[in-house]
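Subject: Structure handover

Hello,

Here is the structure I promised to pass on. Please look it over first; my notes follow below it.

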Amino acid sequence: MYHYIPKNVRMQEDKNLSEIKVGDLKIIENKELSIWEALIPIVALIGMLAFNVYVYGDDALSGSNQFILLMGAAVAAIVGFLNKVPYKLMLEEVGENIKSTSSAIIILLMVGALAGTWLISGIIPSMIYYGLQILNPTVFLAASLIICCIVSIATGSSWTTSATVGIALMGIGNALGVPAGMTAGAVLSGAYFGDKMSPLSDTTNLAPAVAGGELFEHIKYMTYTTVPTIIITLIVFVIIGFNIDASGSVNTEKMLLGIKDSFNVTPWLFIVPAIVILLIIRKTSPLIALIIGALLGGIFATIFQSAIIWDQGLRYDVTKVSSEFKDYVAWDNVSNNNYQSPGVYTLISKEEGVTMSKPIVFNLPSSKTSVTEKFSETTTIFKDGKEIGTLNLMAQPTNFLQSAYFSVMNALTVETSIQTEDERLNGLFEAKGMGGMLGTIWLIICAMTFGGVMDAIGALAKISSSILNMFDSIFGLFASTVFSCITLNATASDQYLAIVVPGKMYAKAFKDRGLAPENLSRTLEDSGTVTSTLVPWNTGGAYQSSVLGVGVADYFVYAIFNWLSPIMTLFFAAFKIKIKQLVTK
């Protein structure tokens with residue numbers, strides 16, 4: 001009925017690690033499953049997603065698409081039951097799929113934490129400040145592309161590139177008035193160019209491993225398709241830059257003043273991103289590098305941004321309402337008995353017949369410097385005209401270390417916003433911390449559930465083998481590989497599966513036609529690695545749209561390098577350009 005085909009390559013499932021280890025990752029074939037049955041869950045999923053996006057529009061990724069992915073998994077499970085696939089096997093494959101994304105999920109959380117501390121430390125605002133002076137809308141997109149190419153080649157990671165310089169470039173682009181989708185497209189085009197070409201990249205190591213080739217020969221052979229693609233992309237962004245309608249360059253002086261009034265801007269802050277990039281270049285785990293970057297951001301915030309520490313972290317130790325009074329009184333504008341944040345709080349009676357000699361009004365001020373004054377209020381409480389006691393309340397402000405702890409921990413974990421006098425900047429200086437990544441994590445888990453069930457019932461292997469059988473020419477072989485990679489990115493929702501499954505399925509076919517493994521490994525990267533970010537429910541698309549704050553639909557057209565790469569590899573195949581033959585010894 002079904003059997004396991006051993007794989008001899010297993011990728012350590014972290015999007016930023018460059019290590020590959022040998023293991024027993026499996027492709028499941030189900031001989032009883034027909035191609036039409038294998039396509040049922042995909043057709044159902046596409047139909048449900050299309051309807052859901054039509055109904056919800058841009059809010060579809062807020063939760064409804066996640067549930068649609070689970071519904072797609074349910075359809076796949078029904079097909080599996082009808083083909084006698086055990087329920088336990090489906091659960092095991094789902095579990096393995098979700099387990100494989102654990103490192104990516106932790107990285108997502110650390111990216112959210114890093115963005116928060118890099119905001120309050122002034123790192124991102126300083127990048128925007130200096131970027132506004134150097135860049136203008138005409139050259140911005142082309143410069144962003146080149147910057148991300150360099151950083152991604154150095155780090156070997158598109159994810160780290162978008163999470164560091166990518167975030168800063170998004171802020172600069174917004175300040176210049178460049179549409180966010182354009183900026184994100186330039187960032188991703190550069191980030192994935194470096195991801196493909198860097199020997200530090202995990203996918204760059206994975207592709208030749210599954211194809212049976214050698215790393216540096218693979219990189220050399222990729223230059224034939226990748227370099228023309230990035231040159232075309234650069235030319236397009238230069239043309240867009242000369243024709244862009246952006247007004248941000250006109251009023252940047254006011255924005256620069258707004259940044260300097262709110263942050264202590266200094267080049268010393270760039271020590272932190274430099275350390276993070278250096279760590280990754282030296283092959284430190286990206287997860288460790290991001291954690292170090294987030295913590296250093298918090299430390300630099302306490303050193304350079306004392307005003308923000310006080311503004312974001314000042315709290316008051318307020319005497320709680322004692323138990324004998326809590327049934328009679330309440331703060332009129334506070335929930336969950338949280339009276340510690342700066343603000344105006346009025347204590348009022350909440351039971352009929354309860355009065356006070358005077359209402360307690362606490363005006364706990366926010367401040368950009370230390371607050372030493374204590375605040376105390378006293379009132380007598382009456383119940384039906386009878387005195388039942390006296391309530392004494394006091395508010396004690398936190399010191400600098402306490403305020404620093406509050407501000408840094410909040411930046412790491414929850415939403416942080418820095419207000420400036422220029423309203424245009426307020427949207428730039430917001431970060432959501434680790435909490436802001438939970439929606440993306442939810443999406444990844446649901447996508448992995450769908451992919452796991454599809455793998456368990458043998459649908460992924462059936463679709464790949466059926467596509468292969470449709471073509472008998474060399475161009476057809478390349479085309480089927482490209483189509484399989486893109487299809488798996490859309491169905492299995494993970495770029496690693498989009499490389500590993502076609503790589504193992506087509507390796508023998510390429511060899512039988514006398515083609516060197518570099519042809520396959522190049523095609524896997526040209527169509528598997530780069531298109532993952534174009535699928536909203538793929539781990540790549542979910543991650544990048546969350547980190548950059550731009551929907552996939554908004555940046556899709558401008559991610560030129562990503563969608564042009566598979567077209568370029570098919571062009572080379574069609575005209576038999578640089579099709580390396582297998583050398584037999």
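The sulfur of cysteine 148 has its closest cysteine sulfur in cysteine 149, 7.5 Å away, which is too far for a bond. A disulfide here means a pair of cysteine sulfur atoms within 2.5 Å. The structure holds zero disulfides. Cysteine 148 counts as buried because its relative accessibility is 0%. Cysteine 485 is also at 0% relative accessibility and counts as buried. (Buried is under 20% relative accessible area, exposed is over 50%, and partly exposed is in between, with a 1.4 Å probe and protein chains only.)

A word on the basis. This is a predicted model, in which local features need pLDDT of at least 70 and side-chain atom pairs count only at pLDDT 80 or more, while totals for chains, interfaces and linings use all residues. Residues are numbered from 1 along each chain as its sequence is written, and side-chain values use heavy atoms, with hydrogens and water left out. Helices (H or I, at least four residues) and strands (E, at least two) are DSSP runs, numbered from the N terminus.

Salt bridges

The structure holds two salt bridges. The criterion is a side-chain nitrogen of Lys or Arg within 4 Å of a carboxyl oxygen of Asp or Glu.

Lysine 196 pairs with aspartate 526, with 2.3 Å between the closest N and O atoms. This pair links distant parts of the chain: lysine 196 is in helix α8 (residues 180–197), aspartate 526 is in helix α21 (residues 517–529), and they are 330 residues apart. Both lysine 196 and aspartate 526 are buried.

Glutamate 377 and lysine 358 form a salt bridge at 3.6 Å, N to O. Glutamate 377 sits in strand β10 (residues 375–383), and lysine 358 in the loop between β8 (354–356) and β9, 19 residues apart. Glutamate 377 counts as partly exposed, at 23% relative accessibility. Lysine 358 counts as partly exposed too, at 38%.

Aromatic pairs

There are 12 aromatic pairs. Rings of Phe, Tyr and Trp (its six-membered ring) pair if their centres lie within 6.5 Å; planes under 30 degrees apart count as stacked, over 60 as edge-to-face and the rest as tilted.

One of the pairs is phenylalanine 300 with phenylalanine 304: the centres are 5.5 Å apart and the planes at 35°, so the pair is tilted. The two are four residues apart in helix α13 (residues 286–304), so about one helical turn separates them. Phenylalanine 300 counts as buried at 13% relative accessibility. Phenylalanine 304 counts as partly exposed at 22%.

Phenylalanine 478 and phenylalanine 510 pair edge-to-face, 5.3 Å centre to centre, with 75° between the planes. Phenylalanine 478 is in helix α19 (residues 474–491) and phenylalanine 510 in helix α20 (residues 495–512), 32 residues apart. Phenylalanine 478 is buried, with a relative accessible area of 1%. Phenylalanine 510 is buried, also at 1%.

Tyr129, Tyr130 and Phe270 form one aromatic cluster.

The sheet

Three strands form an open, antiparallel sheet in the order β6-β7-β9. Strands pair if DSSP finds at least two bridges between them. β6 (329–331) and β9 (360–364) are at the edges with a single partner strand each, so one side of each has no neighbour in the sheet. Five bridges join β7 (residues 343–349) to β9. Valine 344 stands opposite asparagine 363 in β9.

Best wishes
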